[in-house]
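Work through the exercises below with the sequence and the structure at hand. Try each task before reading its solution.

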Amino acid sequence: MLKVGLTGGIGSGKSTVAGRLAEHGAWVIDSDKIAREVVEPGTDGLVELAAAFGKGILTTDGTLDRAGLAKIAFADADSRGLLNSIVHPKIGARTAELLAAAPADAVVVHDIPLLVEGGLAAAYHLVVIVDAPVEVRVHRLVHSRGLAEADARARVAAQATEAARRAVADVWLDNGGAQDKVLAAVDELWADRLVRFEANVRLHRHTPRGAPRLVDADPTWPAQAERALARLRLAAGSVATRVDHIGSTSVLGLAAKDVLDFQVTVANLDDAEKLVEPLGAAGFPYLPGFDQDTPYPLGGDPAGWRKRTHVGADPLRWANVHVREQGSPGWRYALLMPAWLRADTAARDEYEQVKRGLTGQFDAIPAYGDAKEPWFAQALPRAETWATQARWTP
């Protein structure tokens, strides 16, 4: 099962996107619809609201007067808290029911307006943001929903900022133009990413990768890494003592393979077994056969370089997750080298030249990695000298 969080500002047209995904076969859970269902006549939700806020919030036919409730419930923080304490658990329970009813191979799309505001992004394999320019959204709210312009602008301004949405967006859909354009983008998203992603998660696999290819530094790598870090931390929970973005993509300005590397730290490598299921469910399945780390320049006891490797199941976002024991040589090395390269621009440029010189010579990543070992062997003492002088510790 793949869990997709779908959101966007009011008037952005995310219902158009949700509808198209449903046409493709997505299992859509509509939070707005659920919020209405749990307070329909005859429900416990409506009874509790009337008891808390008075029967004045009911219309003559016994339905909820939403405008009347809003006027009372949003008057102060205590009233708003009381409203949330009644409605939110019921919405959560109904959402859980619908999620449990989804088929094992479903692409579940959770259409949730307050995903960003609620800090919920890490709970999904992928977050899709639907956006449109503010003026387009205001126009839609005025002409399609009948809101006064001042009210429309106030509602837009009260929601998450564009920057906050972009921070959690794995996919950004511009719905400010012709509808057929955004629908075509949704069709492509479904075929090229969502269907393949779901199968990879369900079957505990990753999409095969080709030969290593160096690309110029991507300024969005840190933001992409932060989204993956949030998912890894949530999935690993207390089993992990820390989770870090490591490797070349963690060094700003350094050309690299377009792959995000992460290190999940555990107190004892035996604890890595506890992560197989939760990391796999979060979209990072275990990759057998890579439990022995190459000892690179440090040598010594091979046990110090042992690790467990997971890979990203997202077919369009290559990621490796290295699970290592805290304090081991391999763990320290994975943190030291990028820290040194971030601090020493000359060393960073030197390493980039080495990588560029090897570009195109190898058909597989392990061979490409082996070819870089001589540089690492001579670079490690320099990194250790820097660590001593800078008083760097992991």
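**Exercise 1.** At what angle do helix H4 (residues 66–73) and H5 pack, and how far apart are their axes?

*Solution.* Step 1: the structure is a predicted model, in which local features need pLDDT of at least 70 and side-chain atom pairs count only at pLDDT 80 or more, while totals for chains, interfaces and linings use all residues. Residues are numbered from 1 along each chain as its sequence is written, and side-chain values use heavy atoms, with hydrogens and water left out.

Step 2: helices (H or I, at least four residues) and strands (E, at least two) are DSSP runs, numbered from the N terminus. Axes are lines fitted to C-alpha atoms, for helices over the stretch in contact, and angles run from 0 to 180 degrees between N-to-C directions.

Step 3: the angle between H4 and H5 is about 130 degrees, and their axes are 8 Å apart. Angles under 35 degrees count as roughly parallel, over 145 as roughly antiparallel, 65 to 115 as roughly perpendicular and the rest as oblique. H4 and H5 are therefore oblique to each other.

Step 4: in contact (heavy atoms within 4.5 Å), Leu69, Ile72 and Ala73 of H4 meet Ser79, Arg80 and Leu83 of H5. Ala, Val, Leu, Ile, Met, Phe, Trp, Tyr, Cys and Pro count as nonpolar, Asp, Glu, Lys and Arg as charged, and the others, Gly among them, as polar. By class, this contact has four nonpolar, one polar and one charged residues.

**Exercise 2.** In what order do the five strands of the open sheet with parallel pairing stand?

*Solution.* Step 1: two strands pair if DSSP finds at least two bridges between them. The order is E2-E3-E1-E4-E5.

Step 2: strand E2 (27–30) and strand E5 (171–174) are the edge strands, each pairing on one side only. On average, neighbouring strands are turned by 20 degrees against each other, direction ignored.

Step 3: E2 is joined to strand E3 (residues 107–111) by four bridges, and the two run parallel. Val28 stands opposite Val109 in E3.

Step 4: helix H5 (residues 77–101) lies across strand E1 (2–8), E2 and E3, at about 175 degrees to E2.

**Exercise 3.** Which strands stand at the edges of the open sheet of four strands?

*Solution.* Step 1: the order is E7-E9-E11-E10, and the pairing is mixed. Strand E7 (240–246) and strand E10 (308–311) each have a single partner strand, so one side of each is left without a neighbour in the sheet.

Step 2: E10 pairs with strand E11 (residues 319–325) in the antiparallel sense over four bridges. Thr309 stands opposite His322 in E11.

Step 3: helix H10 (residues 221–236) lies across E7, strand E9 (260–266) and E11, running at about 160 degrees to E7.

**Exercise 4.** How do the axes of helix H12 (residues 329–343) and helix H13 (residues 345–358) cross?

*Solution.* Step 1: the axes come within 5 Å and cross at roughly 110 degrees. That makes H12 roughly perpendicular to H13.

Step 2: Trp340, Leu341 and Ala343 of H12 make the contact with Thr345, Ala347, Arg348 and Tyr351 of H13. These residues divide into five nonpolar, one polar and one charged.
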